[in-house]
Amino acid sequence: MPQGSGTPFGGRIVAGVYTTEKANAGTFIAMVSANAGDAAPRTREESEQRRNAPSPNYIPGKAEGNGKSVEVTGDGQTLDFAITGPPRP
C-alpha cells in the first residue's frame with residue numbers, strides 16, 4: 001500500500017519468490033499474506049472443518065517483519081522480506 005499518494009500493487013509468491021510488473025516508484029507499506037490454496041471442500045462437513053481451523057499458511061498482519069515500510073525505485077529492484085511471528089490464534 002502506498003504511503004501518501006500512489007497506486008497499490010501486488011505480486012504472487014511462488015516457491016518463496018515474487019515478482020510484480022506494475023510497481024511504481026515511491027514509499028510503500030509491504031504486507032505479505034497467504035492462504036491455504038487447497039481445492040474446494042468436497043463435503044459440507046469438510047467445509048465446516050475448514051471454516052473453524054486456521055489456514056496452515058496463514059501470515060498474521062502483525063507478524064514480525066510484516067507491514068514494513070520500503071522505498072521502491074521501480075527499476076529492477078529486489079526486496080527481501082523475513083516474516084516471522086506468532087501463528088494465528
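**Entry 1: Phe28 and its partner across the strands**

I started with Phe28 and looked up its bridge partner in E4, which is Val70. A reminder to myself: this is a predicted model, and I read every value below with that in mind. Next I checked how E3 and E4 run. The two strands, residues 26-30 for E3 and residues 68-72 for E4, are antiparallel, and five bridges join them.

Then I asked which residues of E3 are on its covered face. I found Gly26, Phe28 and Ala30 there, while Thr27 and Ile29 make up the uncovered face. Phe28 has a relative accessibility of 5%, so I noted this residue as buried, the cut-off being under 20%.

**Entry 2: the aromatic pairs**

How many aromatic pairs does the structure hold? I counted two. One of them brings me back to Phe28, which pairs edge-to-face with Phe9: the ring centres are 5.0 Å apart and the planes make an angle of 75°. Phe9 sits in the segment before E1 and Phe28 in strand E3, so this pair ties together parts that lie 19 residues apart in sequence.

Tyr18 belongs to strand E2 and Phe81 to the segment after E4, so the pair ties together parts 63 residues apart in sequence. Are these two buried or partly exposed? Tyr18 comes out partly exposed at 31% relative accessibility, and Phe81 is partly exposed too, with a relative accessible area of 26%.

**Entry 3: the largest pocket**

I turned to the pockets next. The largest has a volume of about 930 Å³. I wanted to know which of its 31 lining residues are closest to the centre, and the list reads Phe9, Tyr18, Thr20, Leu79 and Phe81.

Which elements give two or more residues to the lining? They are E2, E3 and E4. E3 gives the most, with three residues. Sorted by class, the lining has 18 nonpolar residues, ten polar ones and three charged ones.

With a relative accessibility of 82%, Ala15 counts as exposed.

Pro60 was my other loop stop, found between helix H1 (44-52) and E4. Is Pro60 buried or exposed? It is buried, at 15% relative accessibility. I also checked Pro60 against Ser33: the two are 27 residues apart along the chain, and their C-alpha atoms are separated by 7.4 Å.

**Entry 4: the whole chain**

To finish, I stepped back to the overall layout. I found one helix and four strands, in the order β-β-β-α-β from the N terminus on. The chain has 89 residues, and 12% of them are buried; Phe28 and Pro60 are among these. Looking at contacts between residues at least 6 apart in sequence, I noted that 52% join residues at least 24 apart.

Technical notes
Residues are numbered from 1 along each chain as its sequence is written. This is a predicted model: local features need pLDDT of at least 70, side-chain atom pairs count only at pLDDT 80 or more; totals for chains, interfaces and linings use all residues. Side-chain values use heavy atoms; hydrogens and water are left out. Buried means under 20% relative accessible area, exposed over 50%, partly exposed in between (1.4 Å probe, protein chains only). Two strands pair if DSSP finds at least two bridges between them. Rings of Phe, Tyr and Trp (its six-membered ring) pair if their centres lie within 6.5 Å; planes under 30 degrees apart count as stacked, over 60 as edge-to-face and the rest as tilted. On a 1 Å grid over the protein atoms alone, a cavity is a set of points where a 1.4 Å probe fits but cannot get out, and a pocket is an open set with protein on both sides within 12 Å along at least five of seven lines; lining residues have an atom within 4 Å of a point. Grid points are joined across faces, edges and corners, and a volume is the space filled by probe spheres set on the points. Ala, Val, Leu, Ile, Met, Phe, Trp, Tyr, Cys and Pro count as nonpolar, Asp, Glu, Lys and Arg as charged, and the others, Gly among them, as polar. Contact means heavy atoms within 4.5 Å.
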